[in-house]
Amino acid sequence: MRTGTWNNRVRISPYEVLDQQMKAREFCRRWFKSTDEDEQTRGYRERCVVLLSKVLRVRENTIQRWGKGLEFEKMPEQYEVTLAYADIIREMLEGVSTRTDMLDLVLEKLQDGSNLEK
């Protein structure tokens with residue numbers, strides 16, 4: 001359920017964020033800000049495979065087996081949730097990119113979180 005708007009953007013409840021999913025093709029389009037023409041260029045699919053591998057922490061050859069073309073139709077559904085979360089983070093970082101102090105804080109927190117896994 002939409003909870004209102006702020007600065008011409010639709011606000012959603014935290015529960016709606018948890019329910020979001022995103023297909024691989026849409027994720028790549030949004031990440032690379034791609035057009036239909038961009039998707040036709042040589043090497044675009046490989047760029048998507050590399051991106052998906054980094055975001056999902058899955059080997060590139062595994063992603064290659066998820067299907068031909070840009071649909072990756074055999075991608076397990078749980079990864080669609082991860083892509084939705086990653087897209088939300090991308091939007092947040094782009095939104096604060098003019099506020100370098102805020103961006104530095106977010107990146108520092110992300111770095112601290114990755115150090116916990118080591």
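**Close-up 1. Ser53 in helix H4 of the predicted model.** Ser53 is found in helix H4, and with a relative accessible area of 14% this residue is buried. The side chain of Ser53 reaches the backbone oxygen of Val58 at a distance of 2.6 Å. Not counting residues up to four places away in sequence, Ser53 touches Val58 together with Arg59, Glu60 and Ile63.

**Close-up 2. The largest nonpolar core, with Leu52, Phe72 and Leu83.** This core holds 19 residues, of which Leu52, Phe72 and Leu83 touch the most other members. Helix H2 (24-32), helix H4 (44-56) and helix H6 (78-95) each supply at least two residues of the core, and the largest share, six residues, comes from H4. When residues up to four places away in sequence are not counted, Leu83 touches Met22, Lys23, Ala24, Phe27, Leu52, Val55, Leu56 and Met75. As a general background to such a view, nonpolar side chains in soluble globular proteins tend to be buried together.

**Close-up 3. The salt bridge between Glu80 and Lys23.** The structure holds nine salt bridges, and in one of these the side chains of Glu80 and Lys23 meet at 2.9 Å, N to O. The pair links distant parts of the chain, given that Glu80 lies in helix H6 and Lys23 in the loop between H1 and H2, 57 residues apart. Glu80 is buried, with a relative accessible area of 8%, whereas Lys23, at 49%, is partly exposed.

**Close-up 4. Arg30 with its salt-bridge partners Asp87 and Glu91.** The side chains of Arg30 and Asp87 meet in a salt bridge of 2.8 Å, N to O; Arg30 lies in helix H2 and Asp87 in helix H6, so the pair ties together parts that are 57 residues apart in sequence. Arg30 also forms a salt bridge with Glu91, in which the closest N and O atoms are 2.3 Å apart, and this pair links helix H2 with helix H6 across 61 residues. Arg30 is partly exposed, with a relative accessible area of 28%, and Glu91 counts as partly exposed at 37%, whereas Asp87 counts as buried at 3% relative accessibility. Leaving aside neighbours within four places in sequence, Asp87 is in contact with Met22 and Phe27 as well as with Arg30.

**Close-up 5. A nonpolar surface patch formed by Tyr15, Leu18 and Tyr85.** Together these three residues have about 360 Å² of accessible area. Leu18, one of the patch members, is found in helix H1, which covers residues 14-19.

Note on methods
Residues are numbered from 1 along each chain as its sequence is written. This is a predicted model: local features need pLDDT of at least 70, side-chain atom pairs count only at pLDDT 80 or more; totals for chains, interfaces and linings use all residues. Side-chain values use heavy atoms; hydrogens and water are left out. A nonpolar core is a set of buried Ala, Val, Leu, Ile, Met, Phe, Trp, Tyr and Cys residues joined through side-chain atoms within 4.5 Å. Buried means under 20% relative accessible area, exposed over 50%, partly exposed in between (1.4 Å probe, protein chains only). Helices (H or I, at least four residues) and strands (E, at least two) are DSSP runs, numbered from the N terminus. Contact means heavy atoms within 4.5 Å. A polar contact is a pair of N or O atoms within 3.5 Å; within protein, one must be able to donate a hydrogen and the other to accept it, and residues adjacent in sequence count only if both atoms are side-chain atoms. Patches are made of residues with over 30% relative accessible area and no salt bridge: like charges are joined within 9 Å, nonpolar side chains (Val, Leu, Ile, Met, Phe, Trp, Tyr) within 5 Å. Accessible areas come from the Shrake-Rupley method with a 1.4 Å probe; for residues, only the protein chains shown count as cover. A salt bridge is a side-chain nitrogen of Lys or Arg within 4 Å of a carboxyl oxygen of Asp or Glu.
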